[in-house]
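Here are a few exercises to work through with the model open beside you. Try each task before you read its solution.

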Amino acid sequence: MSVSQEAAPAPPLETDEDVLRVENIVKRFGSVVALDGTTLHLRRGEVLGLIGDNGAGKSTLIKIITGFHRPDGGRIVVEGRDVQLRSVPQARALGIETVYQDLALVDSLSVFHNMFLGKELRLAGSPLVANRSMKERARRYLEDMKVNVTSVDVEVGLLSGGQRQAIAIARAVYSNVKILLLDEPLAAMGAREAKQILDLIRRLKERREVSMIIISHTYAQIMDVCDRVDLLRRGRIVFDKRVEDTSLEELTELVVSEYRGGEEPPG
Ligand SMILES: Nc1ncnc2c1ncn2[C@@H]1O[C@H](COP(=O)(O)OP(=O)(O)OP(=O)(O)O)[C@@H](O)[C@H]1O
Ligand SMILES: [Mg+2]
């Protein structure tokens with residue numbers, strides 16, 4: 001796996017403390033221009049909400065930051081350093097993790113196995129996995145994040161959507177994540193489960209160790225947990241405000257106004 005950026009120590013952060021800067025990113029899929037010069041930044045410890053209509057390019061942007069897609073143009077700066085993100089493992093080595101809904105959990109395995117999937121602890125000097133240590137740590141991590149599961153031995157397939165999502169987030173957090181990208185983490189969730197995840201995000205936010213970008217179509221949730229909100233429209237960021245300087249009404253109106261036309265140049 002290519003982790004070339006990992007070897008050299010990161011240069012000191014610039015004074016603005018951006019953990020991530022995305023500048024003029026362009027991404028085309030054939031004749032479709034998904035991202036058309038997207039520019040945004042994420043400060044250390046900040047939670048940024050990314051909103052926009054269906055097809056605006058939100059997921060594409062997240063997939064570029066996570067190393068899944070290669071951009072056709074533009075620049076990505078992680079902790080003050082230009083990076084060429086070539087793969088998901090390489091982005092992960094830089095501390096960038098994405099949690100997709102339901103993705104990457106193995107239903108037939110226990111909670112603790114899932115927590116250490118691909119990063120199993122081994123017994124000293126042995127290829128054997130250290131089940132007891134993994135269980136203890138998984139229990140501690142989940143307890144620490146107040147994620148409620150009856151037992152770390154239970155199969156993930158038996159858990160609710162909210163519990164699964166919480167475990168996926170907990171797993172990302174405990175793999176030394178610096179930048180956590182959540183693409184519609186609450187989609188298709190009931191109120192109780194959504195609350196559980198929102199509480200988890202809020203607890204993470206209090207620690208200020210992890211910077212997050214959260215995509216959601218539910219602006220009330222964005223207003224609830226984010227520090228700042230950016231609106232992506234046809235591949236460009238056209239709105240950027242701190243949540244205290246905007247409102248649910250303004251965000252809703254922004255997206256709805258697109259259908260009325262008039263204020264936006266075509267294309
Ligand atoms: N792998 C792909 N191949 C071709 N076109 C793609 C691909 N991925 C995305 N697109 C196109 O790029 C544009 C942006 O899609 P994207 O999934 O980023 O939107 P989105 O903002 O996440 O929308 P939604 O809110 O519906 O999830 C769309 O026109 C989509 O059809
Ligand atoms: Mg999407």
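**Exercise 1: the ligand shell**

Work out which elements each supply at least two residues of the shell around ligand 1.

Step 1. The elements are β2 (32–43) and α1 (58–65); helices (H or I, at least four residues) and strands (E, at least two) are DSSP runs, numbered from the N terminus. With three residues, α1 gives the largest share of the shell.

Step 2. Now count: 13 residues surround ligand 1, and the closest are G55, K58, S59, T60 and H217. A residue is in the shell if one of its heavy atoms lies within 4 Å of the ligand.

Step 3. Sort the shell by type, and you get four nonpolar, six polar and three charged residues. Here Ala, Val, Leu, Ile, Met, Phe, Trp, Tyr, Cys and Pro count as nonpolar, Asp, Glu, Lys and Arg as charged, and the others, Gly among them, as polar.

A word on the ground rules: this is a predicted model, where local features need pLDDT of at least 70 and side-chain atom pairs count only at pLDDT 80 or more, while totals for chains, interfaces and linings use all residues. Residues are numbered from 1 along each chain as written, chains are lettered from A and ligands numbered from 1 in the order written, and side-chain values use heavy atoms, leaving out hydrogens and water.

**Exercise 2: polar contacts**

Find how far oxygen atoms of ligand 1 are from polar atoms of G55, K58 and T60.

Step 1. Start with the backbone: a polar backbone atom of G55 sits 2.8 Å from a ligand oxygen.

Step 2. Then take the side chains: a polar atom of K58 is 2.7 Å from an oxygen of ligand 1, and one of T60 is 2.5 Å from an oxygen. The cut-off for a polar contact is a pair of N or O atoms within 3.5 Å.

**Exercise 3: the rings**

Say why the pair Y141 and Y174 counts as stacked.

Step 1. There are two aromatic pairs in the structure; rings of Phe, Tyr and Trp (its six-membered ring) pair if their centres lie within 6.5 Å, and planes under 30 degrees apart count as stacked, over 60 as edge-to-face and the rest as tilted.

Step 2. The ring centres of Y141 and Y174 are 3.8 Å apart and the planes are at 5°, so this pair is stacked.

Step 3. Widen the view: ring pairs join F116, Y141 and Y174 into a cluster.

Note on methods: Polar contact = N/O pair within 3.5 Å; in protein donor to acceptor, adjacent residues only side chain to side chain.
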